[in-house]
Amino acid sequence: MTETFYDVLRRQGISRRSFLKFCSLTTASLGLSPTVAPQIAHALENKPRTPVIWIEGLECTCCSESFIRSAHPLAKDAVLSLLSLDYHMTLSAAAGEQLRANAHDTIEKYKGKYILAVEGNPPLNEDGMYCIYYGKPFVETLKKYAKDAMAVVAWGSCASWGCVQAAKPNPTNAVPIDKVITDKPIIKVPGCPPIAEVMTAIVTYVLTFGRIPELDRQGRPKMFYSQRIHDKCYRRPHFDAGQFVEKWDDEAARAGYCLYKMGCKGPTTYNACSTTRWNEGVSFPIQSGHGCIGCSEDGFWDKGSFYDRLTNIPAFGVEANADKVGAVAAGVVGAAVVAHAAVTAIKKASEKSGSTKAEGK
Amino acid sequence: MSIDGRDLKFPKYVWEAPVRIWHWVMALAMVVLCVTGYFIGSPLPSVPGEAIDSYLMGYIRFTHFAAAYVFTVMLLMRAYWAVVGNKHAREMFLVPLYMLQPSWWRSFFRVLGHYLFIRRENDWHYGHNQLAMAAMFGMYLLGSVFMIVTGFAMYGEGTGMGSWQYNLFSSWVIPLFGQSQDVHTYHHLGMWYLVWFTIVHLYFVIREDITSGLTVVSSMISGWRDIKN
């Protein structure tokens, strides 16, 4: 039997006390009741570690980079021991054929029980030749590995929505993985990258309860993606008061006012940044003085500038935001109305003079 | 009935009280919604002092939401009145059905011809002419429903999962548009759509009032349409 998560920790010299602390913290971060903490401890002590196969398509490895920085008390050891991470190109000690054999062994041995974690996405144009994996198009590997998986985790905006490689005009036709894998539950964990604690917490949840967390209609775990950045932003009182940063170097920027006018996408972005924060809760973009760019939202590259709150609308070959299009069209309608009124008046006047002339005859 | 409507009997009671009340409350709500909505999208200059001392955006947003509820409830009331009210209360809602009749289109093109200065005579109607009906349906009614649906979808984002606004609207509208930012963008565009409607509406009621020989503006106050002396 594969050793459990707890066995691994003990072997690495982590005390039971630290282990239980980790369980309570994980319970809290998942938003579960305190009584669940013993359940998590029990699961981690008894269940064999869930094998995870982590594959990377078109991506930048920022998801992996984020993942290894998870700041739970036992981060560095625990995160990598929590799972049985059988295959990860960047993190595994083995390489080449040995590593690949690992993946195939796991798929063979844990049919229907392993989790497939996908970082990045497959390009479909030219039969998928834009991303080659062991000499074959990545999309083939993706389909093959997904076939026997219990569930698929879509790490980051690439796997969830498409992200930068799927931005217009998307020359390689990169698609989110749910366009390719249609018969497995997919947990979307968007973000560029997703928050480390969100990633580890979701994995812990699946391991503990043996099922995927509750998802919203777009496939994201509700526990982390049910509220907007704006709803829990510590600068929200400035928004409600009407206090805004107007320029990057003004007094308000130094005072930490709301970045709404600087195009902060917090009000339209679903993520846990404003509560969980980054790097052991040190900060998050808004706290460091820059607006949210909405990196966990679908198609965020194609929604105009990172510093505008409205999506650009291509109209007559020029891009303009909704308010500009609306105001210009209102002007045109207004001008048309004035012109119509003028013609009406002229017609009436000429009719009148025509009839007076006729009367005068 | 002759096609130019010159044999219609006036004065005629056209707009019943609920329709008139709806019209003016709706007009007021629209002004409030447009102004507050614009300031939500493009806020006023920053307020100085401590955050605890002011609540400007809070009040603007509250006003917008309150007016939006009034707008919605009035439209629901109006839809009810279309069922129980007189024939003219139904006009706005039944345009797609009228459009199935060839005679409707004949009248439509007569009205269009008049507005394009091709025909001199202006047909008389008890209620709306065909062009006005089409605008009431296509611009006002569809525009309003669009604004209510997208508006409540965004409101539901704030009230959160589990709220009826979220369940009824946000849960399907946001995925339909792709993401929240697009809903915001089209909600802005929707406001302009209603502004265009308002400009055209104001122009034509005043023009009709002056040139058609029938009362138009005063009809929406008294409910009676009559021939002007």
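**Surface loops, domains and pockets of the predicted model**

At 55% relative accessibility, A:Ser288 counts as exposed, where buried means under 20% relative accessible area, exposed over 50% and partly exposed in between (1.4 Å probe, protein chains only). The model is predicted, so that local features need pLDDT of at least 70 and side-chain atom pairs count only at pLDDT 80 or more, whereas totals for chains, interfaces and linings use all residues. Residues are numbered from 1 along each chain as its sequence is written, chains are lettered from A and ligands numbered from 1 in the order in which they are written, and side-chain values use heavy atoms, with hydrogens and water left out.

A:Ser288 is located in the loop between helix 14 (273–276) and strand 8 (312–315) of chain A; helices (H or I, at least four residues) and strands (E, at least two) are DSSP runs, numbered from the N terminus. The side chain of A:Ser288 reaches the backbone oxygen of A:Pro285 at 2.8 Å. A polar contact is a pair of N or O atoms within 3.5 Å; within protein, one must be able to donate a hydrogen and the other to accept it, and residues adjacent in sequence count only if both atoms are side-chain atoms. A:Ser288 is also 9.1 Å from A:Gly256, C-alpha to C-alpha, with 32 residues separating the two in sequence. A:Pro285 belongs to the loop between helix 14 and strand 8 of chain A and is partly exposed, its relative accessible area being 38%. When residues up to four places away in sequence are not counted, A:Pro285 touches A:Trp278, A:His290 and A:Gly291, contact meaning heavy atoms within 4.5 Å.

The domain assignment divides chain A into domain 1 (5–225), domain 2 (229–303) and domain 3 (320–360); such bounds come from an automatic or database domain assignment. Between the C-alpha centres of domain 1 and domain 2 of chain A the separation is 28 Å, and 21 residues of domain 1 are in contact with 16 residues of domain 2.

Several backbone features of chain A were identified. A cis peptide bond, with omega about 0°, joins A:Lys168 and A:Pro169, and A:Pro169 is placed in the loop between helix 9 (156–160) and strand 7 (186–189). The loop between helix 9 and strand 7 also holds A:Cys163, a residue that is not a glycine but has a positive phi of about 55°. A:Cys163 is buried, at 8% relative accessibility. A:Asn173, likewise in the loop between helix 9 and strand 7, has a positive phi near 55° and is partly exposed, with a relative accessible area of 29%. A cis peptide bond also joins A:Cys192 and A:Pro193, with omega about -5°; A:Pro193 lies in the loop between strand 7 and helix 10 (196–209).

Chain B contains eight helices and two strands, arranged along the sequence as β-α-α-α-α-α-α-α-α-β. Its C-alpha atoms fill a box of roughly 65 × 35 × 35 Å along the principal axes. Of the 229 residues of chain B, 50% are buried. Within helix 4 (residues 102–115) of chain B, B:His114 is buried, at 9% relative accessible area. The side chain of B:His114 reaches the backbone oxygen of B:Glu121 at 3.3 Å. Beyond its neighbours within four places in sequence, the contacts of B:His114 include B:Arg119, B:Asn122 and B:Arg207.

Pockets were then examined. On a 1 Å grid over the protein atoms alone, a pocket is an open set of points where a 1.4 Å probe fits, with protein on both sides within 12 Å along at least five of seven lines, and lining residues have an atom within 4 Å of a point. Grid points are joined across faces, edges and corners, and a volume is the space filled by probe spheres set on the points. The largest pocket holds about 1100 Å³ of space. Its lining comprises 45 residues, of which B:His23, B:Met136, B:His201, B:Leu202 and B:Val205 are the closest to the centre. Helix 7 of chain B provides the largest share of this lining, 11 residues.

The second largest pocket holds about 850 Å³ of space. Among its 37 lining residues, B:Ile40, B:His64, B:Phe65, B:Met154 and B:His187 are the closest to its centre. Helix 5 of chain B gives the most to this lining, with nine residues.
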